[in-house]
Amino acid sequence: MFLARVVGTVWSTVKWDKLEGLKLLLVRPYHLDELKGGGAPEGLHDGVVVADILGAGVGEDVVIAYGHSARVGIEPHLPKGTPPTRPIDAAVVAIVDSFQVESEEGAET
Amino acid sequence: MILGSVIGQVWGAQRSAQLGPEKMLLVAVLGAPGADGERVASGRVVVALDDLGARIGETVTVTWGSGARAVLKAPENRKVLADAAIARIVDGSSAGEE
């Protein structure tokens, strides 16, 4: 899992039909330097597209899980009997209230 | 697995029910040792669930995927949402010739 800031949303019309209504977010993983109070290193601005059923919004911090965990995580959203194979590999599993890094208080959302 | 250093903790009341009740720790991934033998943080940070009681400053190994679910001895492991867990609190490690 990793800690990330929600920076945007992604929407599409053409998709795997069972994913209708599943919200997609664009998130940016935190780099160690940012957590310690500095800026992100140059060139490190890769985003990750994640599914969200918890209702996270832009500007919030979230915890993202990959792989099997992400597929299981979105299960409550899917119709009963949907096969366990589904085209999702990253999902929000927690919305962050606060985090603390070493002795310094981290950003709160 | 990766070797990492525990740097902090994350709190969030709104979490998926199946994520598990364990603490969410922030772990800075450690790279290969440099010439002086010290391992330096790579910059990547992961969130791992902790069932072992690791503390800030300790070196740990983090295991992924099914390995993480095996650590979090939930009754139904396939339903556990965590994909990373602290597997060991490390006492020491070495690289190259002693």
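**Figure 1. Surroundings of Leu3(A) in the predicted model.** Apart from residues within four places of it in sequence, Leu3(A) is in contact with Tyr30(A), Asp61(A), Val63(A), Val96(A) and Phe99(A) of its own chain and with Val10(B), Leu26(B), Val45(B) and Val47(B) of the partner chain. The model shown here, as in every view below, is predicted. Leu3(A) belongs to strand β1 of chain A. The residue counts as buried because 25 C-beta neighbours lie inside 10 Å of Leu3(A), where the cut-off is 20 or more. Pro84(A), which is 81 residues away from Leu3(A) in sequence, is 26 Å away in space, C-alpha to C-alpha.

**Figure 2. The largest nonpolar core.** This core has 53 residues, and the members that touch the most others are Leu3(A), Val62(A), Val63(A) and Ile64(A). Strand β5(A) gives the most to the core, with six residues. Val63(A) is also one of the contacts of Leu3(A). In soluble globular proteins, nonpolar side chains tend to be buried together.

**Figure 3. Strand β4 of chain A and the strands that pair with it.** β4(A) covers residues 61-66, and five of its six residues are buried. Strand β1 of chain A, residues 2-10, runs antiparallel to β4(A), and four bridges join the two. Within this pairing, Arg5(A) has Asp61(A) of β4(A) as its bridge partner. β4(A) also pairs in the antiparallel sense with strand β5 of chain A, residues 90-95, over five bridges. There, Ala65(A) has Ala91(A) of β5(A) as its bridge partner. In a regular strand the side chains alternate between the two faces of the sheet.

**Figure 4. Strand pairing between the two chains.** Strand β6 of chain A, residues 98-101, pairs with β1(B) in the antiparallel sense, over four bridges. Val101(A) has Gly8(B) of β1(B) as its bridge partner. Phe99(A), a contact of Leu3(A), lies within the residue range of β6(A).

**Figure 5. The side of chain B that touches chain A.** In the interface, 28 residues of chain B are in contact with 28 residues of chain A. The elements of chain B that give two or more residues to this side are β1 (2-11), β2 (14-15), β3 (23-33) and β4 (39-50). Among these, β4(B) gives the most, with six residues. By class, this side of chain B has 17 nonpolar, eight polar and three charged residues. Val45(B) and Val47(B), both in contact with Leu3(A), fall within the range 39-50 of β4(B).

**Figure 6. Strand pairing within chain B.** β1(B) is joined by four bridges to strand β5 of chain B, residues 59-64, and the two run antiparallel. Opposite Ile2(B) stands Val62(B) in β5(B). On to the next pairing: β5(B) and strand β6 of chain B, residues 84-89, are antiparallel and share five bridges. Ala85(B) of β6(B) is the bridge partner of Thr63(B).

**Figure 7. Chain A as a whole.** Chain A has two helices and seven strands, which run β-β-α-β-β-α-β-β-β from the N terminus on. Its C-alpha atoms fill a box of roughly 45 × 25 × 20 Å along the principal axes. Of the 109 residues of chain A, 34% count as buried. Among contacts in chain A with a separation of 6 or more, 58% are between residues 24 or more positions apart.

Figure 8. Chain B has one helix and six strands, in the order β-β-β-β-β-α-β along the sequence. The box filled by the C-alpha atoms of chain B is roughly 45 × 25 × 20 Å, taken along the principal axes. Buried residues are 36% of the 98 residues in chain B. Of the contacts in chain B between residues at least 6 apart in sequence, 56% join residues at least 24 apart. The average pLDDT of chain B is 87, and 95% of the residues score at least 70. Among the elements of chain B, β1(B) has the highest mean pLDDT (95), and helix α1 of chain B, residues 65-71, has the lowest (85). For the model, ipTM is 0.85 and pTM is 0.87.

Key:
Residues numbered from 1 in each chain as written. Chains lettered and ligands numbered in written order. Predicted model: local features only at pLDDT ≥ 70, side-chain atom pairs only at ≥ 80, totals over all residues. Contact = placed C-beta atoms within 7 Å. Nonpolar A, V, L, I, M, F, W, Y, C, P; charged D, E, K, R; others polar. Pairing = 2+ DSSP bridges. Buried ≥ 20, exposed ≤ 12 C-beta atoms within 10 Å, placed from the backbone. Core = buried A, V, L, I, M, F, W, Y, C linked by C-beta atoms within 7 Å. pLDDT = per-residue confidence, 0-100.
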